[in-house]
Amino acid sequence: MKNKTNVGLWDIKKIYKNPMSMVLIGLVLLCVGITFYFNNQTSKVISFESTIAKEIKNYKLGIAVLEKEIRSGSFSDQQKAMRRNDIKLSQKLLKRDLSIQKYLASKKWSQAYALRLKTIDMDKKLNQNETTDPTRKPLENAIERERLRFLALKKRNVQKYNEDFSANGTGFFLWTWQNIIPVLLTLVSVYIAVNLFGESYRSRINVSLLIPQLELVINMWHIGITWIVSSVLLLMTSLLTLSTGTIVNGFGSLNYPVLFYELPTMSMKFNDLYQILLPSFCLQAISSLFILVFVMLICSIAKNKMASLFISLISTIGLFLLTSTVDPLKKIGELLPTTYLQSVSVTTGATAYSLNNPRITFSMGIIMCSLALVVFIVLISLISYFRRIRTARNQNSIESPLY
């Protein structure tokens with residue numbers, strides 16, 4: 001036990017004493033700060049409140065232009081009648097938006113969303129008149145998504161924020177987990193793991209054989225320490241995003257509706273934000289553990305830090321990014337453990353929807369990552385076993401007298 005503890009302390013010292021490890025961790029924190037600044041600025045410009053204010057301004061301007069055209073003598077009676085109808089519709093929508101603005105100012109969210117739903121229902125009816133046009137399908141899906149979103153917001157009576165540029169506590173926390181953690185945290189974890197595991201090989205010789213413990217036990221201890229460091233970094237990043245957003249824009253709501261895609265039908269629904277947290281954390285934890293075991297396997301084969309780092313990055317981050325763009329990889333995305341690094345999107349079904357692969361699910365992610373872990377640990381054990389046999393034979397051949 002003492003030897004294991006010494007190995008653990010040695011691993012931790014190597015991680016925090018390595019300047020590059022600290023630089024990469026600082027890079028993650030810097031990215032969080034920069035993205036929060038831009039999210040915060042953008043969210044103010046495209047918030048629901050500012051959208052309503054712009055619509056009110058546009059309606060007033062449009063009504064003034066139409067009234068000016070009616071007063072001019074360059075239009076026929078029929079054209080003037082059409083413009084009068086447009087004015088009536090614009091005045092109706094203007095009155096509705098003014099009421100929404102009033103409700104938003106007094107934080108009566110449900111009443112504001114109820115009025116917004118009337119406008120969305122009107123847009124939906126207008127779009128249904130063009131059912132023969134195939135280009136209307138994406139617009140129809142977008143209108144239906146907004147309708148379901150405002151229904152969910154009305155039911156929960158929470159303030160709406162722009163999900164693409166979230167800046168409050170819970171919103172920015174979820175945004176970071178979707179957009180920053182999958183790539184940057186994997187990058188940091190791979191580097192730390194390669195630096196730690198690669199140190200075991202000096203002149204392509206595994207010096208861990210000198211430790212009076214089974215190599216597999218030492219390897220698992222290395223993986224455990226690195227996994228704990230990665231988990232702590234994930235926790236620190238999550239707490240930083242949550243606290244930064246909360247201090248600047250408030251905590252938000254754990255009941256905020258988040259878009260889910262029901263598989264395999266790909267139908268849309270909205271669930272509470274808190275329902276994402278536990279499954280996403282479990283999937284993130286096991287996919288991160290898979291990355292570390294994979295890096296150890298690469299290090300044991302390459303026995304060179306730079307080669308191991310290059311191969312590991314190409315095989316993890318490279319494959320993760322290519323899966324969303326290369327069609328053959330999209331079709332087998334459910335079989336690739338790297339697909340599940342984006343744990344939030346997998347849990348909500350967004351990854352399955354974007355890749356058009358309904359087999360990419362939370363349960364499939366747990367199965368594939370667990371399977372990959374078992375296979376890689378067996379391979380590492382076999383490599384270790386055969387190298388010990390070869391080392392023992394070499395020692396015996398050196399010690400045996402030659403006559």
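In the predicted model described here, Pro 182, Val 183, Thr 186, Leu 187, Val 190, Tyr 191, Val 194, Asn 195 and Gly 198 of helix 8 are in contact with Lys 305, Ser 308, Leu 309, Ser 312, Leu 313, Thr 316, Ile 317, Phe 320 and Leu 321 of helix 11, where contact means heavy atoms within 4.5 Å. The residues of this contact comprise 11 nonpolar, six polar and one charged; Ala, Val, Leu, Ile, Met, Phe, Trp, Tyr, Cys and Pro count as nonpolar, Asp, Glu, Lys and Arg as charged, and the others, Gly among them, as polar. The axes of helix 8 (residues 181-198) and helix 11 lie 10 Å apart, and the two helices pack at an angle of about 160 degrees, which makes helix 8 roughly antiparallel to helix 11. Axes are lines fitted to C-alpha atoms, for helices over the stretch in contact, and angles run from 0 to 180 degrees between N-to-C directions; those under 35 degrees count as roughly parallel, over 145 as roughly antiparallel, 65 to 115 as roughly perpendicular and the rest as oblique. Helix 8 and helix 11 cross in a right-handed manner, a crossing being right-handed if the near helix is turned clockwise from the far one by less than a right angle, and left-handed if anticlockwise.

The model is predicted, and local features need pLDDT of at least 70, side-chain atom pairs count only at pLDDT 80 or more, and totals for chains, interfaces and linings use all residues. Residues are numbered from 1 along each chain as its sequence is written, and side-chain values use heavy atoms, with hydrogens and water left out.

Helix 11 (residues 305-323) also packs with helix 10 (residues 274-302), their axes coming within 9 Å and crossing at roughly 140 degrees, so that helix 10 is oblique to helix 11. This crossing, too, is right-handed. On the side of helix 10 the contact is made by Ile 291, Phe 294, Val 295, Ile 298, Cys 299 and Ala 302, and on the side of helix 11 by Ala 307, Ser 308, Ile 311, Ser 312, Ser 315 and Thr 316. Eight residues of this contact are nonpolar, four are polar and none is charged.

Cys 299, with a relative accessibility of 2%, is buried, whereas Cys 282 is partly exposed at a relative accessible area of 33%; buried means under 20% relative accessible area, exposed over 50%, and partly exposed in between (1.4 Å probe, protein chains only). The count of disulfides, each a pair of cysteine sulfur atoms within 2.5 Å, is zero.

Most residues other than glycine have a negative phi, and most peptide bonds are trans. The peptide bond between Leu 263 and Pro 264, however, is cis, with omega of about 5 degrees, and Pro 264 lies in the loop between strand 3 (257-262) and strand 4 (267-272). Met 266 is placed in the loop between strand 3 and strand 4; its phi is positive, near 65 degrees, and at 16% relative accessibility Met 266 is buried. Asn 157, in the loop between helix 6 (136-156) and helix 7 (169-179), has a positive phi of about 55 degrees and is partly exposed, with a relative accessible area of 39%.

Taken as a whole, the chain has 15 helices and four strands, these being DSSP runs numbered from the N terminus (H or I, at least four residues, for helices; E, at least two, for strands). Of its 403 residues, 43% count as buried, and among contacts between residues at least 6 apart in sequence, 73% join residues at least 24 apart.
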